[in-house]
Amino acid sequence: MVEKNKPPQEKRGGWLSRFAPGVRKIVSRRDTPDNLWVKDPDSGEMLYRSDLEGSLWVTPSGRHMRIDAPTRLRFTFDDGQYESIDTPDVPEDPLKFSDGKPYRERLAAARKAAGRKDTMAIGFGELDGTPAVVIVQDFSFMGGSLGMAAGEAFIAAARAAVDRGVPLVCFTAAGGARMQEGALSLMQMARTTLAIQDLKAAQLPFVVVLTDPTTGGVTASYAMLGDVHLAEPGALIGFAGPRVIEATIREKLPPGFQRAEYLQEKGMVDRVVARSELPVVLGQILSMLMGGRRRAA
């Protein structure tokens, strides 16, 4: 039997419940971002993101973590100041390719995540006082794969360097050619090589900085055609990956095989340079080469 004229019961929570809605508005999930901590891939230690950003994304163990193109450009140019150079537009999905998911959808997802058209970004500014055009290959955009857009961007960067009479610096990072573009992606190896010949004809230096990882068709073309080859510590550099080589030759590879330090010992890399030192080292090299205006090798 329901009692009549019974006063309504107060909601549980007492006086604190009256303040809860206001507290929720003040303290939201946005105040504690999900990416506040980053795991060190070597030690497993959790690192504070702001500390990593302050150390140029180099962990206490010395691991040079991968960084995106805008971050690389800011780190490289003096005071982080540079003029952005647009990359050319190219036909999209010329082969109407699908590998279980349409290529157009993969491109759209990559562009949304990266906030730009493709893997390459170009900037013009000064490196330790020396003007230069810098092109950066971003591994986070579809593995830095070499396709038509990347090839056209490299050619545009080389032309910008020739037009301005300054050197070209290329930061490489790629897993190889972009399979969704088939033979059209492989053609970029030859086209970028011709662009480097234009730099040589203009007696302008071309310096390559190999970052982790640089493999496949990129290694087989412009990544190994520089006048000087620098590399970040620990970077994986090669054509085929270590597991593919071991499976092919059925032998265990030596320790550090295809890493920057090993390749410096073998003469494939001129110098391994820490990320924090790269702007100054690049500026010194470019200043020396431009001062002599020597013909590129």
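Visitor: What volume does the second largest cavity have?

Guide: About 50 Å³. The model is predicted: local features need pLDDT of at least 70, side-chain atom pairs count only at pLDDT 80 or more, and totals for chains, interfaces and linings use all residues. Numbering runs from 1 along each chain as its sequence is written, and side-chain values use heavy atoms, without hydrogens and water.

Visitor: What makes a space a cavity?

Guide: A 1 Å grid is laid over the protein atoms alone, and a cavity is a set of points where a 1.4 Å probe fits but cannot get out. Points are joined across faces, edges and corners; the volume is the space filled by probe spheres set on them. The structure holds 3 cavities of 30 Å³ or more.

Visitor: What makes a residue part of a lining?

Guide: An atom within 4 Å of a cavity point. For the second largest cavity, the lining residues are Ile67, Arg72, Phe75, Thr76, Phe171, Arg275, Leu278 and Pro279. Helix H3 (69–76) and helix H10 (278–292) each give two or more of them. H3 supplies the largest share, 3 residues. Helices here are DSSP runs of H or I with at least four residues, strands are E runs of at least two, and both are numbered from the N terminus.

Visitor: Why are 5 residues of that lining called nonpolar?

Guide: Because Ala, Val, Leu, Ile, Met, Phe, Trp, Tyr, Cys and Pro count as nonpolar, Asp, Glu, Lys and Arg as charged, and the others, Gly among them, as polar. The rest of the lining is 1 polar and 2 charged. The largest cavity is lined by 6 nonpolar, 4 polar and 6 charged residues.

Visitor: Which strand gives the most to the lining of the largest cavity?

Guide: E6, with 3 residues.

Visitor: Why is Ser185 called buried?

Guide: Buried means under 20% relative accessible area, exposed over 50%, and partly exposed in between, with a 1.4 Å probe and protein chains only. Ser185 has 2%, so Ser185 is buried. Of the 297 residues of the chain, 42% count as buried.

Visitor: What does Ser185 touch, leaving out residues up to four places away in sequence?

Guide: Leu146, Gly147, Ala177 and Arg178. Contact means heavy atoms within 4.5 Å. Ser185 itself lies in helix H6 (residues 182–201).

Visitor: How far along the chain do contacts reach?

Guide: Take contacts between residues at least 6 apart in sequence: 68% join residues at least 24 apart.

Technical notes
1 Å grid on protein atoms, 1.4 Å probe; cavity = no way out; pocket = protein on both sides within 12 Å on 5 of 7 lines; lining within 4 Å.
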